[in-house]
Amino acid sequence: MTEIVAPEPTPEQAALFTRVAADDADCRLTTALAVAAVLIAIGYRLFRTEGSAVATDTTSMLPKGARIVATGVAGDAWW
C-alpha cells in the first residue's frame, strides 16, 4: 500500500491557514451573538410580566342611518 504524505505548508500557506481560521472564528462568534439576540427577543416577548391591556367600553356616536360593518381589536400588537 502507498501512503499519501502531505507536504509541509510554505510560510505563506501557513499564514493563510491562520487567517482563514481567524475569519472562521469571527463568523462563528457573530452567528452565535445573532442567535442569542433572537432568542433573548423571543424570550422577552413570551415571558415579560407586563399585564394585559384593560378592555374599556367605548361608545361612538354615528350619524343617523350609519351602520358598523366591521370591527377589529389590535390588543398589544407590536407590528
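Visitor: How many salt bridges does the structure hold?

Guide: In this predicted model, a pair counts when a side-chain nitrogen of Lys or Arg lies within 4 Å of a carboxyl oxygen of Asp or Glu. Arg-28 and Asp-24 form a salt bridge, with their closest N and O atoms 3.0 Å apart. The number of salt bridges in the structure is 1.

Visitor: In which helix do Arg-28 and Asp-24 lie?

Guide: The chain contains 1 helix and 0 strands. Arg-28 and Asp-24 are 4 residues apart, about one turn of the helix. Both residues lie in helix α1, residues 11–47.

Visitor: Is Arg-28 buried or exposed?

Guide: A residue is exposed when its relative accessible area is over 50%, and partly exposed between that value and 20%. Asp-24, at 38% relative accessibility, is partly exposed. Arg-28 has a relative accessible area of 60%, so this residue is exposed.

Visitor: What is the accessible area of the nonpolar patch that Val-35, Val-38, Leu-39, Ile-42, Leu-46 and Phe-47 form on the surface?

Guide: One of these residues, Leu-39, is placed in helix α1. Leu-39 counts as exposed because its relative accessibility is 54%. Together, the residues of the patch have an accessible area of about 640 Å².

Visitor: What percentage of the accessible surface of the chain belongs to carbon and sulfur atoms?

Guide: Buried residues make up 0% of the 79 residues in the chain. The accessible surface of the chain comes to about 8,200 Å². The part belonging to carbon and sulfur atoms is 64%.

Notes. Residues are numbered from 1 along each chain as its sequence is written. This is a predicted model: local features need pLDDT of at least 70, side-chain atom pairs count only at pLDDT 80 or more; totals for chains, interfaces and linings use all residues. Side-chain values use heavy atoms; hydrogens and water are left out. Helices (H or I, at least four residues) and strands (E, at least two) are DSSP runs, numbered from the N terminus. Buried means under 20% relative accessible area, exposed over 50%, partly exposed in between (1.4 Å probe, protein chains only). Accessible areas come from the Shrake-Rupley method with a 1.4 Å probe; for residues, only the protein chains shown count as cover. Patches are made of residues with over 30% relative accessible area and no salt bridge: like charges are joined within 9 Å, nonpolar side chains (Val, Leu, Ile, Met, Phe, Trp, Tyr) within 5 Å.
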